[in-house]
Amino acid sequence: MTAARAAPDSSPLWPGLLLAGGGAIAFSGKAIIVKLAYRHGVDAVTLIMLRMLFALPLFLLLSWWAGRGKPPLTRRDWLVLLGLGFSGYYLASFLDFAGLAYISASFERLILYLNPTLVLGLGWLLFKRRVTGRQLLALAISYAGVLLVFGQELKLQGSDVVLGAALVFGSAVSYAVYLVYSGEEVKRLGALRLTGLATSIACVLCIGQFLLLRPLDSLATLAPEVLWLSLLNATACTFAPVLMVMMAIERLGATLAAQTGMIGPMSTILMGVWLLGEPFTPWVAAGTALVLAGVWLLTRWR
C-alpha cells in the first residue's frame, strides 16, 4: 500500500515538462505559419477555414474517443458547447488571424499571453471575485510590457498596429470568456471531450463563414504553399499541442504546466526573428521580460 501510494510522487517530471514545453512551442508556431501564409496573398477568412477544415476530422475523432462510455449530451450541453465553441475557438481564432495581418508574431504572442490577467479581471467583473493588491501589481507589470512593445511596433509599422493589436486583444478576451465559463462544463464532460466538441463546432462555424463570404472557386487560385502551411497549422500547431498540454497537466498539474508554457512567447520571438526576419530590439526584450514576470507573479500570488 505504501509503495503504491509513493509511485506517483516518485515519477520523473521530465516527460511532463517535455510535453508542456513542446505544446507551448507548437502553439507558438501558429503565428509564424499564419504570417508565412499571408505572404502568398491569402486572407484571414480563407486561411482560418483551411486550418479548421484540416483539423475537423482530428477533433471529431478526439470527441468520439473521449466520449466512449459517457452519458449522451443533453440539450443544455449542446447549447453550452455552442457558446463555448463560438467564443473560445471560432471568434478568438478569427480575431487572432485577422490581427496578425497588421502586427508582428512576437507582439501577437505577448498580447495573447495576457490571458491569465483577463481571466482575473472577468472573474472580478462577472463574479465579484476579490482581487488583491499584489495581483494588481502583477497586472500592471504585464501590461507595461505590452505597452512598451506596442510603442515600438507603432513606431516601426505605423497606425495599422492599433487595429491589429485591438483585434488580437479581442481574441484574448474572447478566449478568456471561454476559460471563465468552461470550468463547470469541464467537470461534466471532461477536458478532452469538451475541447474536441467545442473545437469541432468552431471548425464548422469557420467553414460556414467562408462559404457565406467567399466564392468556392476562389480555392482554385490559392498557392500550394498556403494549403501545406494550413495542414501544418491544423496538425502540428493546433491538434497536437492540445493533446500535449492536456497530457502535461495530467503529469505535472495545471500550475507547473502553465509555468512551463512561459517559453511560448520566447519561442515565438526567436522563430519570428529566424523565419520572418522580424527585428529583435531591446524594447521587445524588455517588454517580453515584463509580461513574463507579471504573469509569473500572478500565478504565484493567486
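## A walk through the helix contacts

Ser171 sits in helix α8; helices (H or I, at least four residues) and strands (E, at least two) are DSSP runs, numbered from the N terminus. With a relative accessibility of 4%, Ser171 counts as buried. Buried means under 20% relative accessible area, exposed means over 50%, and partly exposed lies in between, computed with a 1.4 Å probe on protein chains only.

A word on the model before we go on. This is a predicted model, in which local features need pLDDT of at least 70 and side-chain atom pairs count only at pLDDT 80 or more, while totals for chains, interfaces and linings use all residues. Residues are numbered from 1 along each chain as its sequence is written, and side-chain values use heavy atoms, with hydrogens and water left out.

Staying with α8, we can look at how helices pack. Two packed helices are described by the angle between their axes and the distance between the axes. Helix α8 (residues 160-189) packs against helix α9 (residues 191-213) at an angle of about 120°, and their axes are 8 Å apart. The axes are lines fitted to C-alpha atoms, for helices over the stretch in contact, and the angles run from 0 to 180 degrees between N-to-C directions. That angle makes α8 oblique to α9: under 35 degrees counts as roughly parallel, over 145 as roughly antiparallel, 65 to 115 as roughly perpendicular, and the rest as oblique. The crossing of α8 past α9 is right-handed; a crossing is right-handed if the near helix is turned clockwise from the far one by less than a right angle, and left-handed if anticlockwise. From α8, the contact is made by Tyr178, Ser182, Glu185, Val186 and Leu189, and from α9 by Ala191, Arg193, Leu194 and Thr195. Sorted by class, the contact of α8 with α9 has five nonpolar, two polar and two charged residues. Here Ala, Val, Leu, Ile, Met, Phe, Trp, Tyr, Cys and Pro count as nonpolar, Asp, Glu, Lys and Arg as charged, and the others, Gly among them, as polar.

The axes of α3 and α4 come within 9 Å and cross at roughly 130°, which makes α3 oblique to α4. This crossing of α3 and α4 is right-handed. On the α3 side we find Ala44, Val45, Leu47, Ile48, Arg51 and Met52, and they meet Tyr89, Tyr90, Ser93, Phe94, Phe97 and Ala98 in α4. The residues of this contact of α3 with α4 divide into ten nonpolar, one polar and one charged.

Helix α2 (residues 14-38) also comes up to α4: their axes come within 10 Å and cross at roughly 55°. α2 and α4 are therefore oblique to each other, and their crossing is right-handed. Lys30, Val34 and Tyr38 of α2 make the contact with Asp96, Phe97 and Ala98 of α4. By class, this contact of α2 with α4 has four nonpolar, no polar and two charged residues.

Now to the aromatic rings. The structure holds six aromatic pairs. Rings of Phe, Tyr and Trp (its six-membered ring) pair if their centres lie within 6.5 Å; planes under 30 degrees apart count as stacked, over 60 as edge-to-face and the rest as tilted. One of the pairs is formed by Phe59 and Phe239, edge-to-face at 5.3 Å centre to centre with 80° between the planes. This pair links distant parts of the chain, with Phe59 in helix α3 and Phe239 in helix α10 (residues 224-252), 180 residues apart. Phe59 is buried at a relative accessible area of 1%, and Phe239 counts as buried at 15%.

Another edge-to-face pair joins Tyr89 and Tyr175, at 6.1 Å centre to centre and 75° between the planes. Tyr89 lies in helix α4 (residues 75-99) and Tyr175 in helix α8, 86 residues apart. Tyr89 is buried, with a relative accessible area of 13%, whereas Tyr175 counts as partly exposed at 29%. Ring pairs link Tyr89, Tyr175 and Tyr178 into a cluster.

We end at Leu58, found in helix α3 (residues 44-66). Leu58 is partly exposed, with a relative accessible area of 24%. Leu58 touches Ala234, Thr235 and Phe239, not counting residues up to four places away in sequence.

Technical notes
Contact = heavy atoms within 4.5 Å.
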